[in-house]
Amino acid sequence: MDLGFDGAATAVVGGSRGMGLATARCLAEDGAKVAVIGRSRDDVDAAAADLAERGSPDAVGLVADARDASQVEAAFAELGRRWNGELNALVNTVGPNVQGTVEQLTDEQWREALDHGVLSIVHTVNAALPLLRRASWGRIVNFSAHSTQRQTVSLVAYTAAKAMVTSVSKNLSLLLAREEILVNVVSPGTFVTPGLTDWARTVGIDSADPYELMRAIDEHYGHPAQMPRAGLPEEIGPVAAFLVSRRNSYMTGANVNVDGGSDFV
């Protein structure tokens, strides 16, 4: 299906690996110019090279820490100069990696969760909005998490930050609807990402097997899905790509679960 990205200008924050890279690849394969923004020069350069091979006509990797508003502003200023001051699609996949119960977490850990999980997205949207408003069409997708609907005591800060992402996104959809800039949320369940495989090693599983990872999630968190395995990044990329495409012309303010059915267990 042609999603209408030919010649479109797009940016994926956190797009150098995992679900962000999977989304960026969908955009590139549909003919979009894709910028990946992340904290590692090596990672964003490797991602840009991969996207160019997949068909992106002007793939670029930009280094910025989304927690730092000045770095984000500089990255989008560079995109504005490069792409005639316009941006059609923004995808935010960044998020915190903070674990602990309410009793265990320090104030510093709470600030990290909110800075990385919420303010990073606020910084990105504020920097991108002038470019989105100049374009003939604009879309935003922010990644939240299905765990906002199914609590885990050791993920309270992560879950709180992701719940704020959902709330901020719905507010943005209201703010921007009259300008026909559509804003939606994708809420992944358990996916085979670098973060998940790193966690699996801490519980003695050195494997990226999606069935084994789901069994570990069930054992340690009690969050099984209807599907017997974890999802693969390439299974969520097309969902996010559709939501920021021209083909999505009326869906806004939605929270789309991509969770293998865990919301119905």
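How are α3 and α4 oriented to each other, roughly parallel or roughly perpendicular? The first legend gives the answer.

The structure is a predicted model, in which local features need pLDDT of at least 70 and side-chain atom pairs count only at pLDDT 80 or more, while totals for chains, interfaces and linings use all residues. Residues are numbered from 1 along each chain as its sequence is written, and side-chain values use heavy atoms, with hydrogens and water left out.

**View 1. Packing of helices α3 and α4.**
Helix α3 (69-82) packs against helix α4 (residues 107-134) at an angle of about 25°, and their axes are 9 Å apart. Helices (H or I, at least four residues) and strands (E, at least two) are DSSP runs, numbered from the N terminus. Axes are lines fitted to C-alpha atoms, for helices over the stretch in contact, and angles run from 0 to 180 degrees between N-to-C directions. The two helices, α3 and α4, are therefore roughly parallel to each other; angles under 35 degrees count as roughly parallel, over 145 as roughly antiparallel, 65 to 115 as roughly perpendicular and the rest as oblique. The crossing of α3 and α4 is right-handed, a term that applies if the near helix is turned clockwise from the far one by less than a right angle, with anticlockwise giving left-handed. From α3, the residues Ala69, Val72, Glu73, Phe76 and Gly80 meet His123, Thr124, Ala127, Ala128 and Leu131 of α4, where contact means heavy atoms within 4.5 Å. By class, this contact of α3 with α4 comprises 6 nonpolar, 3 polar and 1 charged residues. Here Ala, Val, Leu, Ile, Met, Phe, Trp, Tyr, Cys and Pro count as nonpolar, Asp, Glu, Lys and Arg as charged, and the others, Gly among them, as polar.

**View 2. Packing of helices α1 and α8.**
Helix α1 (residues 18-29) and helix α8 (residues 233-243) pack with their axes 7 Å apart, at an angle of about 55°. That angle makes α1 oblique to α8. The crossing of α1 and α8 is right-handed. On the α1 side, Gly18, Met19, Ala22, Thr23, Cys26 and Leu27 meet Pro233, Glu234, Ile236, Gly237, Pro238, Ala240 and Ala241 in α8. The residues of the contact of α1 with α8 divide into 9 nonpolar, 3 polar and 1 charged.

Asp65 lies in the loop between β3 (60-63) and α3. With 17% relative accessibility, Asp65 counts as buried; buried means under 20% relative accessible area, exposed over 50%, partly exposed in between (1.4 Å probe, protein chains only). A polar contact of 2.8 Å links the side chains of Asp65 and Arg67. Such a contact is a pair of N or O atoms within 3.5 Å; within protein, one must be able to donate a hydrogen and the other to accept it, and residues adjacent in sequence count only if both atoms are side-chain atoms. Not counting residues up to four places away in sequence, Asp65 touches Arg39, Gln71 and Val72.

**View 3. Surroundings of Asn92.**
Asn92 lies in strand β4 (residues 89-92) and is buried, with a relative accessible area of 0%. The side chains of Asn92 and Asn142 are joined by a polar contact of 2.9 Å. Residues up to four places away in sequence aside, Asn92 touches Val13, Ile121, Thr124, Val125, Val141, Asn142 and Phe143.

**View 4. Surroundings of Val244.**
Val244 is found in the loop between α8 and β7 (255-258), and at 0% relative accessibility Val244 counts as buried. Although Val244 and Leu90 are 154 residues apart along the chain, their C-alpha atoms are separated by 7.3 Å. Leaving aside neighbours within four places in sequence, the contacts of Val244 include Phe5, Leu27, Leu90, Trp137 and Arg139.

Most residues other than glycine have a negative phi. Asn84, which is not a glycine, has a positive phi of about 55°. This residue, Asn84, is placed in the loop between α3 and β4 and is exposed, with a relative accessible area of 70%. Glu180, likewise not a glycine, has a positive phi of about 60°. The loop between α5 (156-176) and β6 (181-188) holds Glu180, which is exposed at a relative accessible area of 59%.
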